[in-house]
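Some labels attached to a protein model rest on cut-offs. The questions below ask where such labels come from.

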Amino acid sequence: MAGSSHGHTPAAWTGVIIAFIGFCVAGAFMVMAQPVGFWAGMVITVLGGVVGGIMRAMGLGQSKQSPALPHGAPSARREPAAAES
């Protein structure tokens with residue numbers, strides 16, 4: 001996966017950082033037994049996904065490209081089973 005630039009975009013980094021902050025906020029308020037703070041952290045977590053999606057729509061994400069085989073590349077074929085005598 002490292003060679004495919006999976007997630008190395010401003011949209012991905014921003015969305016993940018915001019979601020991580022929301023997760024930490026929710027976790028802290030859960031330990032403090034404060035339901036309102038917990039749900040605020042969950043809203044921040046979801047907001048991270050929304051912000052990442054908006055940034056991707058603005059062109060700051062990775063473009064969708066189908067992995068195409070080079071022209072003339074051989075396709076994988078199974079060899080016939082050898083008859084045992």
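Q: Why is Trp39 called exposed?
A: Exposed means over 50% relative accessible area, buried means under 20%, and partly exposed lies in between, with a 1.4 Å probe and protein chains only. Trp39 has 54% relative accessibility, so Trp39 counts as exposed.

Q: What kind of model do these values come from, and which residues count?
A: The model is predicted: local features need pLDDT of at least 70, side-chain atom pairs count only at pLDDT 80 or more, and totals for chains, interfaces and linings use all residues. Residues are numbered from 1 along each chain as its sequence is written, and side-chain values use heavy atoms, with hydrogens and water left out.

Q: What makes Phe38 and Trp39 an aromatic pair, and is the pair stacked, tilted or edge-to-face?
A: The structure holds one aromatic pair. Phe38 and Trp39 form this pair, at 4.9 Å centre to centre and with 75° between the planes. Rings of Phe, Tyr and Trp (its six-membered ring) pair if their centres lie within 6.5 Å; planes under 30 degrees apart are stacked, over 60 edge-to-face and the rest tilted. The pair of Phe38 and Trp39 is therefore edge-to-face.

Q: How many helices and strands does the chain have?
A: The chain has two helices and zero strands.

Q: Which residues does UniProt mark as "transmembrane region"?
A: The unreviewed UniProt entry places this feature at residues 12-32 and 38-58. UniProt positions follow the numbering used here, feature names are shortened, and annotations may be inferred rather than shown by experiment. In the model, residues 12-32 are 95% helix and 0% strand, with end C-alpha atoms 30 Å apart. Residues 38-58 are 100% helix and 0% strand, and there the end C-alpha atoms are 31 Å apart.

Q: What makes Val46, Leu47, Val50, Ile54, Met58 and Leu60 a nonpolar patch?
A: Like charges are joined within 9 Å, and nonpolar side chains (Val, Leu, Ile, Met, Phe, Trp, Tyr) within 5 Å. These six form such a patch on the surface, with about 560 Å² of accessible area together. Accessible areas come from the Shrake-Rupley method with a 1.4 Å probe; for residues, only the protein chains shown count as cover.

Q: Which residues does Phe23 touch?
A: Phe23, found in helix 1, touches Gly41 and Thr45, not counting residues up to four places away in sequence. Contact means heavy atoms within 4.5 Å. Phe23 is also exposed, at 58% relative accessible area.

Note on methods:
Helix = DSSP H or I, 4+ residues; strand = E, 2+ residues; numbered from the N terminus. Patch = residues over 30% accessible without salt bridge, like charges linked within 9 Å, V, L, I, M, F, W, Y side chains within 5 Å. Salt bridge = Lys/Arg side-chain N within 4 Å of Asp/Glu carboxyl O.
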